[in-house]
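Trainee: I would like to go through the labels used for this model and the criteria behind them.
Mentor: Go ahead, one label at a time.

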Amino acid sequence: MVSPVKAEEIIKLATTTSTENSGLLKNLLPTFEAESGYKVQVIATGTGKALKLARQGDVDVIMTHAPAAEAKFVEEGYGLNPRGIMANDFVILGPKNDPAKIRGSKTAEEAFAKIAKSGATFISRGDNSGTNMKELIIWDKANIDNNFPSYKAVGQGMGKTLLMANELQGYTLSDRGTFVAYKAKLDLAIDFDGGAALANPYQIMQINPKKYPDLNHAGAKALSDWLISAEAQGMINSYKVQGEQLFKATYSE
């Protein structure tokens with residue numbers, strides 16, 4: 001394949017810390033770069049910051065996991081061609097002795113209510129990420145003000161939040177992929193697994209050239225097209241850490 005011209009070689013991808021912390025991108029991107037001639041510059045941050053960078057025209061393409069915020073981004077005319085490429089799920093992690101007794105809860109809302117009532121520590125990312133957005137939705141559905149004394153918002157990515165929750169032996173909401181990647185460093189357990197109710201879908205979106213004509217739209221399209229290819233979808237399904245599959249490929253025509 002002929003390499004792109006120099007000015008277009010770099011693709012700026014804003015994405016979530018979970019795709020970086022889990023090691024998935026380090027597994028996927030070298031293959032794309034070798035086949036396409038592009039070089040992907042990854043800016044790993046929370047979904048809110050990723051969407052802000054895209055609104056400012058500072059990145060070429062985004063891959064995030066906050067459906068409501070992504071839908072608004074498209075409605076406002078910034079995002080084009082949203083494609084669901086993979087999913088994992090959120091889990092509530094906590095001490096192995098589960099002091100708030102959330103195991104056996106029927107819903108995430110019930111589990112959160114027990115944490116708040118028990119006075120157990122809850123560590124929130126507090127960074128407007130997709131995970132943080134999901135957490136706030138759960139508190140809202142549970143009709144609980146998250147301003148209780150043992151609630152700590154730390155303004156950090158998923159990996160650092162997990163390490164802090166581990167140090168303080170508190171509860172936190174995490175995507176499963178980052179937890180599996182960090183599990184060897186943690187003395188925490190999955191105290192609540194919500195199944196479909198805590199599904200965590202990821203999308204890739206291109207930026208509207210009418211908003212920012214000078215971005216690398218050809219590179220963004222090439223990356224988006226590759227991530228929905230049979231090759232990339234197979235690589236997503238086969239990517240494992242400590243023998244566990246972290247993401248399930250979800251693209252369908």
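**Labels and their criteria**

Mentor: Gln242 sits in the loop that joins strand E10 (240–241) to strand E11 (244–245). Helices (H or I, at least four residues) and strands (E, at least two) are DSSP runs, numbered from the N terminus. The model is predicted: local features need pLDDT of at least 70, side-chain atom pairs count only at pLDDT 80 or more, and totals for chains, interfaces and linings use all residues. Residues are numbered from 1 along each chain as its sequence is written, and side-chain values use heavy atoms, with hydrogens and water left out.

Trainee: Why is Gln242 called partly exposed?
Mentor: Buried means under 20% relative accessible area, exposed over 50%, and partly exposed in between (1.4 Å probe, protein chains only). Gln242 has 49% relative accessibility, so it counts as partly exposed.

Trainee: What is the phi of Gln242?
Mentor: Positive, about 50°, although Gln242 is not a glycine. Most residues other than glycine have a negative phi. Asn128, in the loop between E5 and H6, also is not a glycine and has a positive phi of about 60°.

Trainee: Why is Tyr151 called buried?
Mentor: Its relative accessibility is 16%, so Tyr151 falls in the buried class. Phe148, at 11%, therefore counts as buried too.

Trainee: What makes Trp139 and Tyr151 an edge-to-face pair?
Mentor: Rings of Phe, Tyr and Trp (its six-membered ring) pair if their centres lie within 6.5 Å; planes under 30 degrees apart count as stacked, over 60 as edge-to-face and the rest as tilted. For Trp139 and Tyr151 the values are 6.0 Å centre to centre and 75° between the planes. Trp139 lies in helix H6 and Tyr151 in strand E6 (residues 151–153), so the pair ties together parts twelve residues apart in sequence. Phe148 and Tyr151 are also edge-to-face, at 5.6 Å and 70°.

Trainee: How do you know that the buried residues of H7 line one face?
Mentor: The buried residues of helix H7 (residues 158–168) are Met158, Gly159, Thr161, Leu162, Ala165 and Asn166. Seen down the axis of H7, they fall within an arc of 165°, so they line one face of the helix. The arc is that of the directions from the helix axis to the C-beta atoms. Exposed Lys160 and Glu167 are on the face of H7 turned away from its buried side.
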